[in-house]
2 protein chains.
Amino acid sequence: MLHHPLIATLQAIVGEAHVLTRGAPDADLSAWEHDWRKRQRGVALAVVRPAHTAEVAAVVQACAAAGVAIVPQGGNTGLVVGGVPDTTGNEVVLSLQRMNAIRHIDTANLTLVAEAGCVLQTVQETAARQGLLFPLSLAAEGSCTIGGNLATNAGGTQVVRYGNTRDLCLGLEVVTAQGEVWHGLSGLRKDNTGYDLRHLFVGSEGTLGIITAASLKLCPAPAASLTAWAAVPTLDAAVALLGLAHHQLGAGLTGFELMGQFALSLVDTHCPQLRVPLWRDTPYCVLLENSDHESEAHARTRFDALLERAFEQGLVTDAVVAESIAQANQLWHIRESIPLAQAQEGLNIKHDVSVTASAIPAFVEQATQVLQAALPGIRLVNFGHLGDGNLHFNVQAPVGQDAAAFLRDHEDRVNTLVYDTVVAFGGSISAEHGIGALKADTLHHYKSGVALDLMARIKQALDPLNTLNPGRVVTRGALDALSRP
Amino acid sequence: MLHHPLIATLQAIVGEAHVLTRGAPDADLSAWEHDWRKRQRGVALAVVRPAHTAEVAAVVQACAAAGVAIVPQGGNTGLVVGGVPDTTGNEVVLSLQRMNAIRHIDTANLTLVAEAGCVLQTVQETAARQGLLFPLSLAAEGSCTIGGNLATNAGGTQVVRYGNTRDLCLGLEVVTAQGEVWHGLSGLRKDNTGYDLRHLFVGSEGTLGIITAASLKLCPAPAASLTAWAAVPTLDAAVALLGLAHHQLGAGLTGFELMGQFALSLVDTHCPQLRVPLWRDTPYCVLLENSDHESEAHARTRFDALLERAFEQGLVTDAVVAESIAQANQLWHIRESIPLAQAQEGLNIKHDVSVTASAIPAFVEQATQVLQAALPGIRLVNFGHLGDGNLHFNVQAPVGQDAAAFLRDHEDRVNTLVYDTVVAFGGSISAEHGIGALKADTLHHYKSGVALDLMARIKQALDPLNTLNPGRVVTRGALDALSRP
């Protein structure tokens, strides 16, 4: 593979030091070849690390001329095998990690321009130093990059107030499949001059173009954020509490997370240093965050008024409001420890689904019934961003069963049962993680033919050689179907 | 024209009563053929008024088979000649006005599904009856339709808080150029299953598909909204006041409008029943709106605190806060009377431009200099949605000059001078009105070739026969350029 003629061309573009190949002594490309969840151990023709947009464009042109596919990659924290090479050894990984500058911050316009390889936390910290907030927040924020966040339209814990990543983006710089540069780094709040190319590239997982930089929206930082933890008697009560919180807090409601009792029991078991409150006597707990532009005292008054009303209405049976930032962080830490606790309990089948908030109780009831009927004794780790209708409705093997065997034997069936139920409720089989290679075939069973056809038409129009992340999101079969009469 | 063979087909689809032609006795199609601003007096082959999505699909198929172009139309209040037929008599107007049902409201999910022909005000009122808010608000709201709002990504007066129309849309039902129906009426807050088709159709002005219904976001209605009117000494002060308001009010800031002294003098002259406050001794006034989820008293306290700080910092020289809803309405009425007052002063050259908030003072200074140097004595009617960087930077003939002659002789030159300056500041030549037929050629001078090429590729992929609103947004020349080697 070392002698592929493309390698020398790539070296000439980015410098020898920035083209990594498996043939080199001590070469270990696993950091770029293996995905975060270790679902894929790919093999790259090379890993190319350009430093500038012009180098990205030249790499794309060179690969297109050589007929070699490109897999764009940010922090490689994706969950759907969208940013690692396949096993053929014929794909080039284009890592954006060296393009990590904050190019510009405009505090009067509340915008910031970051290169694709900027780590999310760096963007957050840059904004914070100006008294501003970049509200995207998710577990991988210390290593994921803003380019990856945009390519996958990442969600996270603040979506209930600030939207998904696409809602935080005003403009993009993109290298097209033809190796041209679209300079669309607008800081404008309003621009109706043609099709919204920005929203087409955001969420396209590197299949339509390579995002090299983005113009991002910032917000004034709130004066205070308070966190509450409430026990709710039912899922219906949780949904009603969400409505009440929207009504009473308005845009102050910046977080609304749901945690099922079994999920919390796993944290209690596997993370004994964490003290999980209120979980023993209630089927669900809810974590609420209230951000206030006036003061902490005002935030507390409003939170107390909300919780008082919720008690009166029977939506909450017990609640605590964090008295300090340290306490608040600890409550969030419990929520964020669920995936870890779950992993310590054993391998499990993960989902990332969404339905409307109003449909959540009925969806959970029906999905639970269907799964228990098919696989008695399975354990549901139900938690997620209830404020966005997004549940990580994960499935753990019955007590005493070998988890690896359970996954091997039942993962496809469990997925089918969950996805069929999700779609029956008008929901999404991938709320915030995307499609990648992992779900591209599955998507064909659940998305309408008209939508898939539109997607294939767009892919073919923008990347006719199918050079950019081929087979991810849009399958080769969908493209082939286009050319049929 | 009556005998075009397509007419009988269309009559069979929607019923004879709903195919209007010019040949019929007493036929007056001017309501569908002439645009709102009377820039275009088109001639339609027919006006077709389907009642259901299936009828829209059948009409599209029939027109495609006959090689006849379709111009989708909502309330016909567009400002860029995007929704009326050309003068050839060969285009069919497809009016969505009969599809005006609210199909569904889901208060727990804060969503509503409306058909494209729903008048915006009907959507607002339907939400209000449930204690909810549909925040899109603009001058034509009594007659524009939600389909048109989506097709043009309408802006209006609440964008500073709630975004443009696209930000209020969760899903769409669309008839494609092939006459298929994309059932994408999602109520989901999170859905990462492929390309965002919704955002591609929104703002595409009927050139990629015909929006027949939409799933819209609602918000809890605030407990109170207060309006203030402030005199600011400079544009720099206005921009600093915007920053301070963002910081102190957070998401409470729901309106921030700028009005120049000359614009207000026209209201004072031509609308003597309105009492315009504070305008005589200041170059600019600002209208602020503060919406509060707690109470009117709290809103007033916060507003007072903001204005006090603004006085201390010299950003505001005088201010009034409306004491009643009637007073607030009157202040808004003054703002909204500027276009009318301007029309009474005489014909004028309108713009709808945006730059970043931070660039507004320098942009206005330079654009004014350039225009005054070229055409001494011209009068600038400068007002707009400062919170979004959106100015309606309109140009009135010098005192004593014939306005019609001024427009005839100078409109192109004035537009060029304004647009050149806008683009030099990284701005947009159409912030909220769109492109339509009026600006499609102009766009080619100001948008990058890469962006125009991407748009043409998308148009060709989704509407290869160029049946849907041809020549609007994407010119025929741009499509022809694609097929060249």
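Copies are superposed by least squares on the C-alpha atoms of residues with pLDDT of at least 70 in both. This tour concerns a predicted model, and it begins with the relation between two chains.

**Stop 1: the two chains**

Display chains A and B together. A rotation of 180° with 0.0 Å of shift along its axis places chain B on chain A, with an RMSD of 0.0 Å. That relation is the one given by a two-fold axis. Both copies use the same surface, since 100% of the contact residues of chain B recur in chain A.

Next, select the residues at the boundary. Here 84 residues of chain B are in contact with 84 residues of chain A. The size of an interface is often given as the accessible area lost when the parts come together. Between chain B and chain A, about 6,400 Å² is buried, and carbon and sulfur atoms give 58% of that area. Now pick out Lys190(B), Asn192(B) and Tyr195(B): these residues of chain B lose the most area to chain A, together 17% of what that side buries.

**Stop 2: a four-stranded sheet in chain B**

Four strands make an open sheet in the order E1-E2-E4-E3, and the pairing is mixed. Strand E1 (19-20) and strand E3 (69-73) of chain B are at the edges; each has a single partner strand, so one side of each is left without a neighbour in the sheet.

Select strand E2 (residues 44-48) and strand E4 (residues 91-95) of chain B. These strands run parallel and are joined by four bridges. Which residue of E4(B) is the bridge partner of Ala44(B)? The partner is Glu91(B).

**Stop 3: helix H3 in chain A**

Return to chain A and select helix H3 (residues 53-66). Its 14 residues reach 20 Å from the first C-alpha to the last, close to the 20 Å expected at 1.5 Å a residue. The buried residues of H3(A) are Thr53(A), Glu55(A), Val56(A), Ala57(A), Val59(A), Val60(A), Ala62(A) and Cys63(A). An α-helix has 3.6 residues a turn, so residues three or four places apart point the same way. After H3(A) comes Gly67(A), whose phi is positive, near 70°.

**Stop 4: a five-stranded sheet in chain A**

Remain in chain A and show the open sheet of five strands, whose order is E5-E6-E10-E8-E9 and whose pairing is antiparallel. Strand E5 (102-106) and strand E9 (181-184) of chain A form the edges; each has a single partner strand, so one side of each lacks a neighbour in the sheet. With direction ignored, neighbouring strands of this sheet are turned by 15° against each other on average.

Zoom in on strand E8 (residues 169-176) of chain A and E9(A), which pair in the antiparallel sense over four bridges. Leu172(A) has Gly184(A) in E9(A) as its bridge partner, and Val174(A) stands opposite Trp182(A) in E9(A). The two strands E8(A) and E9(A) form a hairpin with four residues between them. In the turn, Gly179(A) has a positive phi of about 75°.

Bring H3(A) back into view: this helix lies across E5, E8, E9 and strand E10 (209-217) of chain A, running at about 45° to E8(A). Helix H4 (residues 120-128) of chain A also packs on the sheet, touching E5, strand E6 (111-115) and E10 of chain A. The direction of H4(A) makes about 150° with that of E6(A).

**Stop 5: strand E13 in chain A**

Select strand E13 (residues 253-260) of chain A. How many of its eight residues are buried? Eight of the eight are buried, so the strand is mostly covered. Seven bridges join E13(A) to strand E14 (residues 284-292) of chain A, and the two run antiparallel; within E14(A), Leu288(A) is the bridge partner of Phe256(A). E13(A) also pairs with strand E18 (residues 379-385) of chain A, in the antiparallel sense over two bridges. There, Leu258(A) has Gly384(A) as its bridge partner in E18(A).

**Stop 6: Ala237(A)**

Finally, select Ala237(A), which is in helix H8 (residues 235-249) of chain A. Is Ala237(A) buried or exposed? Its relative accessibility is 6%, so Ala237(A) counts as buried, the cut-off being under 20%. Leaving aside neighbours within four places in sequence, Ala237(A) is in contact with Val232(A) and Leu315(A).

Conventions: Residues are numbered from 1 along each chain as its sequence is written. Chains are lettered from A and ligands numbered from 1 in the order in which they are written. This is a predicted model: local features need pLDDT of at least 70, side-chain atom pairs count only at pLDDT 80 or more; totals for chains, interfaces and linings use all residues. Side-chain values use heavy atoms; hydrogens and water are left out. Buried means under 20% relative accessible area, exposed over 50%, partly exposed in between (1.4 Å probe, protein chains only). Two strands pair if DSSP finds at least two bridges between them. Contact means heavy atoms within 4.5 Å. The expected span of a helix is 1.5 Å times one less than its number of residues. Buried area is the accessible area (1.4 Å probe) that two parts lose on being put together, summed over both. Axes are lines fitted to C-alpha atoms, for helices over the stretch in contact, and angles run from 0 to 180 degrees between N-to-C directions.
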